[in-house]
Amino acid sequence: MTDIIESIRSIVGDTGLLTGTDVSSRLESWSSTAACQAKCIVRPTDTRQLAEVMKLCHAAHQPVVTHGGMTGLVQGGCATPEEIVISLERMRAIESVDVENRSMTVQAGAVLQQVHEVAEQNALFFPLDLGARGSATIGGNLSTNAGGNGVIRYGMAREQVLGLEAVMADGTIISSMNHVLKNNTGYDLKQLFIGSEGTLGIITRAVLRLRPLPRSRNTALLALNDFGCVTALLQAMEASLAGSLSAFEVLWNDFYSLIVTKGKRHGQPLATDHAFYVLLEASGSHADNDRSSFEQALEQAFEQELIVDAVIAQSEQQREELWAIRDDIECMIEHLSPTLTFDVSMNISLMDEYVKEVKQKLAERFPESHSVFFGHIGDGNIHPVMTVGSLEHEIVRQVEEIVYGSLRSRGGIISAEHGIGLEKKAWLHLSRSAEELQLMHTLKQALDPRNLLNRGKIFDLPEQAQAAEH
């Protein structure tokens with residue numbers, strides 16, 4: 001162990017290597033109180049350093065775990081005492097912005113919020129957005145194919161990438177730093193790494209696709225009486241607002257009531273006695289016309305009795321206050337502790353009955369449980385969050401059976417945007433066929449034959465394949 005650590009130190013220097021209490025003082029994730037257990041944390045400053053480190057690890061059969069902003073929710077960054085952590089926290093540079101080509105080249109450790117700010121300084125816009133924007137890194141966003149608030153209009157993280165660079169398990173650098181929108185020259189290699197959670201290669205740099213900065217942004221919080229009105233409203237807004245609809249966030253009453261009554265920084269923009277709340281946002285290029293179209297669409301929704309109350313943001317500050325209700329995850333976790341979080345997707349028409357079934361089964365099995373539901377909905381994504389008073393393994397397993405088991409008959413997906421990590425791999429078979437899983441195994445064995453990268457994340461390789469390699 002000492003030999004490989006000292007060899008790594010010779011590559012990254014003293015400041016690039018953390019050991020002892022510098023490792024154990026870090027948490028294994030933002031939502032956990034458990035300490036990082038890795039034998040060391042390696043912090044390269046560029047792709048070349050990382051490639052040299054991986055060559056050493058490959059030769060020594062040393063497994064590694066990648067760390068980004070550590071805002072994931074599926075234990076993707078957990079490391080054992082036998083593993084080395086690769087942290088890209090010193091690779092945060094935004095290397096260039098190409099205004100004419102509407103692209104930005106960044107290192108994987110660049111923080112999402114910084115990307116937003118630099119893009120805006122150039123009258124451009126990076127549409128990927130989520131509550132952890134101040135900590136989440138681009139590498140983590142891409143490796144998990146993050147979703148967020150704007151998927152309904154702009155798509156998932158993979159839709160925001162023109163090119164990327166990655167380091168393979170053996171230290172080979174794959175540089176597909178494409179800068180154009182259309183490139184149909186064989187396999188789209190970047191897609192191997194986007195969404196693979198660091199199991200096929202470590203993303204080090206990326207060329208991000210930017211959009212023109214919206215000149216207008218209209219936001220409203222709406223109250224609705226039932227889920228039928230929610231689905232009808234979504235269809236109406238997609239028709240009325242055409243391509244400008246950029247967010248359609250739905251808050252069940254349990255979520256909204258909890259946040260506005262327990263949160264320390266919110267008022268109550270709408271009463272807490274409505275069944276559903278929709279945070280609606282549209283962005284466009286002509287402020288006056290867009291505002292008129294937005295208000296007209298809401299008036300029509302009132303006339304159709306789809307909504308029963310509404311508040312429209314009159315300033316950027318009011319817009320941020322409305323979004324703060326949706327983004328106050330800290331308040332939710334504080335009042336639903338110990339917390340179990342889920343991230344599922346299904347056809348919108350099936351959501352209402354799914355939530356009712358989960359709530360009923362939770363109440364029957366865990367009478368003292370408390371749950372809230374919210375999500376992006378416009379892209380089919382719900383976040384069930386709950387507490388049953390315990391995180392004991394068997395108890396968690398029973399809750400998972402309720403949440404995931406209720407997806408079976410509905411053709412639902414166990415992970416819409418958070419990934420699989422360690423937490424969901426036992427349930428992956430519910431969303432992937434045996435043939436798909438076998439192909440995943442084949443890819444993993446081809447690109448990482450020694451099973452060094454994020455070992456055991458997403459799925460476990462067959463034991464005989466690992467034994468044969470060793």
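**Salt bridges in a predicted model**

At 29% relative accessibility, Lys 359 counts as partly exposed.

**Figure 1. The whole chain.** The chain contains 16 helices and 19 strands. Its radius of gyration is 23 Å, close to the 23 Å from the globule rule for 470 residues, so the chain is as compact as a globular protein of that length. Along the principal axes, the C-alpha atoms fill a box of roughly 70 × 55 × 45 Å. Of the 470 residues, 52% count as buried.

Figure 2. The N to O distance is 3.2 Å. Both residues lie in helix H1 (residues 2-12), three residues apart, about one turn of the helix. Arg 9 is partly exposed at 24% relative accessible area, and Glu 6 is partly exposed at 40%.

**Figure 3. Lys 359 and Asp 254 in a salt bridge.** The closest N and O atoms are 2.6 Å apart. Lys 359 belongs to helix H13 (residues 351-365) and Asp 254 to helix H9 (residues 253-262), so the pair ties together parts 105 residues apart in sequence. Asp 254 is buried, with a relative accessible area of 16%.

**Figure 4. Arg 43 and Glu 89, a salt bridge between two loops.** Their closest N and O atoms lie 2.9 Å apart. Arg 43 sits in the loop between strand S2 (40-42) and helix H3 (47-59), and Glu 89 in the loop between strand S4 (84-87) and strand S5 (94-98), so the pair ties together parts 46 residues apart in sequence. Arg 43 is buried, at 15% relative accessible area.

Conventions. Residues are numbered from 1 along each chain as its sequence is written. This is a predicted model: local features need pLDDT of at least 70, side-chain atom pairs count only at pLDDT 80 or more; totals for chains, interfaces and linings use all residues. Side-chain values use heavy atoms; hydrogens and water are left out. Helices (H or I, at least four residues) and strands (E, at least two) are DSSP runs, numbered from the N terminus. The radius of gyration is taken over C-alpha atoms; the globule rule is 2.2 Å times the number of residues to the power 0.38. Buried means under 20% relative accessible area, exposed over 50%, partly exposed in between (1.4 Å probe, protein chains only). A salt bridge is a side-chain nitrogen of Lys or Arg within 4 Å of a carboxyl oxygen of Asp or Glu.
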